[in-house]
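Trainee: I would like to learn how to read a structure that is new to me, one feature at a time. Could we look at it together?

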Amino acid sequence: MKHLINDRATLVEEMLEGLVCAYQGTVIKVPDVNGIVKCHIEEGKVALLVGGGSGHEPIYHGLVGKNMADAAAVGNIFASPNPRVIYETAKACQRGNGVLFLYGNYAGDVMNFDIAAEMLHEDGIRVRTVVINDDVATQDKENRRGISGLFFAVKIAGSVCASVKDLDAVAEIVQKAVDRTRSMGTAFEAGTMLNTGKPTFTLQPDEIEIGMGIHGEPGVEVAKTMPAKQLIQIMLKRILSDLPFKRGDEVAVLLNDLGSVTNMELCIANKTVAEVLSEAGLLTLYTHIGKVSTTMDMRGFSISLIQLDDELKQYFFADANSLAFDFHRS
């Protein structure tokens, strides 16, 4: 396989160095650990720390910025950042009013972020945690994976942390956003792990996996290839029934490229998404199409919906700027 790399042993470190350069002086790397933090965070602000494994870029480390995350703790490829990375990054971004941890619901992340929270508590730093669990492919809601819906969670959490001064109130609003978000992904072909050069899973040439997780975890079924319209209808049926979404709801939509699906294909998919949502009586206020949470170069995509109310809309539509996402409400 041909890849744009230097040394498999230093992939994450070199990626972070390039990322910091691209931020053009607005973020710095946390000394001695794989974390980044904004250069300017006001005193008394509730800090927003996001984090997870590498290989999903631009999540999370591309979403540090104005009305977005204050810092990101970065793990190795598809691996949680260790407690020290999280602890040091949290200390670097905290400004005396507590830290909100926001990350996907994976066992390693939960364990390591919890350990870091205990370490911070011993230092007198308050921490609240919101875990993202938007993947409807998992029936057990407590153990659901966090997938592309994390984009909505970070967008809202960044704005909430910029304007709300009480950590408990911040966590309550962000939890509400997570509770109203549903997602589902489908894979056509595996991505390649840059650290090993091997694919993350295998499918036959005429097979797709509906509901696959962002690390290659099994989905709800392996099916034969089918037209985009049929596939979108299958995915949205699960998403819409799970909340459940109801007629009159206002929603935002994400069509996320998991690595190597083209924008042309995602726009074709969005035609059916728009038709299905309209038929269901849902009003789409915003649609985002593109790479948000990837699985290396996996050929696949995911759909996310968030049910917005008046409170969430004010945060969702606040201006925001980061390396990977720029939003200005006209």
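Trainee: How much space lies in the largest pocket?

Mentor: Before anything else, keep in mind that this is a predicted model. In it, the largest pocket holds about 520 Å³ of space, and of the 19 residues that line this pocket, the closest to its centre are Leu4, Ile5, Met15, Glu57 and Leu194. Helix 1, which covers residues 11-22, gives the most to that lining, with four residues.

Trainee: Which classes of residue make up the lining of the largest pocket?

Mentor: The lining of the largest pocket has eight nonpolar, seven polar and four charged residues. You can read the second largest pocket in the same way: about 280 Å³ of space lies in it, and of its 21 lining residues the closest to the centre are Lys38, His40, Gly65, Lys66 and Asn67. Its lining draws at least two residues from each of strand 4 (65-66), helix 4 and strand 14 (320-322), and by class it has nine nonpolar, seven polar and five charged residues.

Trainee: What should I look for in the nonpolar core, and which residues have the most contacts inside the largest one?

Mentor: The general idea is that in soluble globular proteins, nonpolar side chains tend to be buried together. Here the largest nonpolar core has 72 residues, and those with the most contacts inside it are Leu49, Leu100, Phe101 and Leu102. Helix 4, residues 150-163, gives the most to this core, with nine residues. A second, separate core of 27 residues includes Met184, Ile210, Phe245 and Leu255.

Trainee: Which residues is Leu102 in contact with, leaving aside its neighbours within four places in sequence?

Mentor: With those neighbours set aside, the contacts of Leu102 include Leu48, Leu49, Val50 and Gly51, and also Ala153, Val154 and Ala157. Tyr60, Val130, Ile132 and Val174 are in contact with Leu102 as well.

Trainee: Is Arg144 buried or exposed?

Mentor: Arg144 counts as buried because its relative accessibility is 2%, and the cut-off for buried is under 20%. Arg144 is found in the loop between strand 7 (127-132) and helix 4, where its side chain reaches the backbone oxygen of Thr138 at 2.6 Å. Leaving aside neighbours within four places in sequence, Arg144 is in contact with residues including Asn105, Asp135, Arg182 and Asp242.

Trainee: How should I read the backbone, and where are there cis peptide bonds?

Mentor: Most residues other than glycine have a negative phi, and most peptide bonds are trans. In this model, the peptide bond from Ile59 to Tyr60 is cis, with omega near -15°, and Tyr60 is found in the loop between strand 3 (47-54) and strand 4. Another cis peptide bond joins Leu243 and Pro244, with omega about -5°, and Pro244 has its place in the loop between helix 6 (228-242) and strand 11 (250-257).

Trainee: What phi does Asp32 have, and is Asp32 buried or exposed?

Mentor: Asp32 has a positive phi of about 70° although it is not a glycine, and Asp32 is found in the loop between strand 1 (27-29) and strand 2 (35-38). With a relative accessible area of 67%, Asp32 is exposed. Met296 also has a positive phi, of about 55°, although it is not a glycine, and its place is in the loop between strand 12 (283-290) and strand 13 (299-308). Met296, however, counts as buried, at 16% relative accessibility.

Note on methods: Residues numbered from 1 in each chain as written. Predicted model: local features only at pLDDT ≥ 70, side-chain atom pairs only at ≥ 80, totals over all residues. Heavy atoms only, no water. Core = buried A, V, L, I, M, F, W, Y, C linked by side-chain atoms within 4.5 Å. Buried < 20%, exposed > 50% of the residue type's maximum accessible area, 1.4 Å probe, protein only. Contact = heavy atoms within 4.5 Å. 1 Å grid on protein atoms, 1.4 Å probe; cavity = no way out; pocket = protein on both sides within 12 Å on 5 of 7 lines; lining within 4 Å. Points joined across faces, edges and corners; volume = space filled by probe spheres on them. Nonpolar A, V, L, I, M, F, W, Y, C, P; charged D, E, K, R; others polar. Polar contact = N/O pair within 3.5 Å; in protein donor to acceptor, adjacent residues only side chain to side chain.
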